[in-house]
Amino acid sequence: MIAMAVVIGLLSGLCNYVFRMTIEFFEWAIIEQGLDLFGVSFDHWTWGRLLVFIFPVIGGLLMIFFGIFFPKDLKYGFPRFLEIVNLRGAKLPLRTIFTRGAASAITIGTGGSAGQEGPIAQIGGAVGSQFGQAFRVSGDRLKVLVACGVAGGIAATFNAPIAGVFFATEIVLLSSFELSSFTSIVVASGMSTVVSRALLGNIPAFAVPPYALNNHWELVFYLVLGMLVGVLAPGFIDIHYRIKEAFDRLNMHRLAKPIFGGLLVGIMGIGFPQVFGNGYHFMEGVLHGEGIWYILAALVLMKALATSVTLGSGLPGGLFAPALYIGVVAGGAFGKLLQMVFPTLGISPGAYALVGMGAFLSAATHAPMTAIFLLFEMTASYEVIIPIMLSCVIGTAISRHFKKDSLDTVELSKAGIDLEAGKERNIMKSLRVGEVMVRDPESVPEHMTLGQFADFIATTRHTNFPLVDDEGRLTGIISVQDFLGAVFEKELMDLVVIKELATLDVITVTEDENLDDAMRRIGYRNIEQLPVVDRDDKRRLVGIISRRDMVSAYNRALMSRTLSEDVL
């Protein structure tokens, strides 16, 4: 595994270099040449800037090729990547290295508001998956090799090998790793960083000024910043997925949506060109204390909208850089306001932008360790540890309170997928009771006598029967065991009704509930069958579902999913 991790790390670092060069090419060809052609600049206002809306539109037009020939790859976002890695055998197709990479480079290089970290993580993961498939490694080892590629891609992007390791283990593997897998991931991350430094130089993703905590009272301000970020992060998640759902409902040809999205982002960029691209250059300026507080505050909303429109319209890209960006401008605006209110404390707005960057990333992704070590590696300062730990922990706790899912798992949860639950439970969650239940079940009237019931069970193969009243409404359930466990004199068999032996406190399910919930209810009382009732009328019987029915449905779904794991 170590030898394979070395090779995967080297290839991931090389892929990162090619990907970055491709982004820079499109940025030069579209944006830089376009600005020269129009004779405008982003640094000052001229009427010619009205033409800059065309840059992201060009990205949408170029996406038509991918929409026609590789439509699945445009929808292959990071949530889908996490699902394949954790639940579908971690078998990633080779073509995504090229299609996903080229399409994302076009989006970012033409001004689309997106990040390069998600795509490079997927590219590195695909490298690891292909390498593992070539050597026919087992499913668990293949998953680790994918994580090696992810760690290598992230480490090379930020020149931060430790952050790459924690990104792979905390976000991709959901912290479910062993020492052997952790060692391989560390090796891959380190080798990828070596390649990146050899090709791009030993420079961090952001040139961060030296961090200093001028006054210990500032720790209180960092706590407040963590609370602010904890509220902003779930707000961004809501905005992002609401806009995405709006684009899904939009009555427009799928190839036209990226063009329309590019147009909207281009219009935003006329007034706020800072939202274009991954925003690395602008973030670096804010980290050095640049910017006006109200402009930075406005960019919190504008970047959230631009990113949501970009990705929601179908333009591929990542959410990691936008999360960093929103954290930077939120922290920068907060620091600027503190500087105005407390001019004698020597507050550095850039320091709050730095901590805000890590805290927002942590709150949005629910990955505090990744954020903490990313900032530590960028600053190489121990002084930043306490403020970033406080802000990350507070921000993540508040964000989790308002939003159970992270930025990467909301889409999966809406589809009934819980990555931490494992493959088995997710299959059960994907199946509905209505798909499996037996309709028109055999029921017995509640006033049936024991003698009549004895004659009845001799003619049926079932062992559990819902009880209904004269109107056919559910009143209880009785099993053959309930009947056999009772001892009555023969003369009483025609006098006692079965309702006296039945269970009247009936556990039920509805058609739209999933099998995982139904199986939990069966296990709660250790029973074999559950009556299925109407969702609006809990006493109207519509069917019955048994443990055997659920197990059979699970086995069929498992076989079907296993056969299709190689297909995206």
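1. Two strands pair if DSSP finds at least two bridges between them; strands are DSSP runs of E, at least two residues long, and helices are runs of H or I, at least four long, both numbered from the N terminus. This is a predicted model, in which local features need pLDDT of at least 70, side-chain atom pairs count only at pLDDT 80 or more, and totals for chains, interfaces and linings use all residues. Residues are numbered from 1 along each chain as its sequence is written, and side-chain values use heavy atoms, with hydrogens and water left out.

2. Strand β3 (residues 464–468) pairs with β4 in the antiparallel sense over five bridges, and V468 stands opposite L474 in β4. The two strands form a hairpin with five residues between them. In the turn, G472 has a positive phi of about 80 degrees.

3. Strand β4 (residues 474–479) is mostly covered, six of its six residues being buried. Buried means under 20% relative accessible area, exposed over 50%, and partly exposed in between (1.4 Å probe, protein chains only).

4. A search of the whole structure finds 25 aromatic pairs. Rings of Phe, Tyr and Trp (its six-membered ring) pair if their centres lie within 6.5 Å; planes under 30 degrees apart count as stacked, over 60 as edge-to-face and the rest as tilted. The rings of F131 and F135 are tilted, because their planes stand at 40 degrees, with centres 5.1 Å apart. F131 is buried at 16% relative accessible area, whereas F135 is exposed at 55%.

5. F453 and F465 form an edge-to-face pair, with ring centres 5.9 Å apart and planes at 85 degrees. This pair links helix α21 (residues 450–457), which holds F453, to strand β3, which holds F465.
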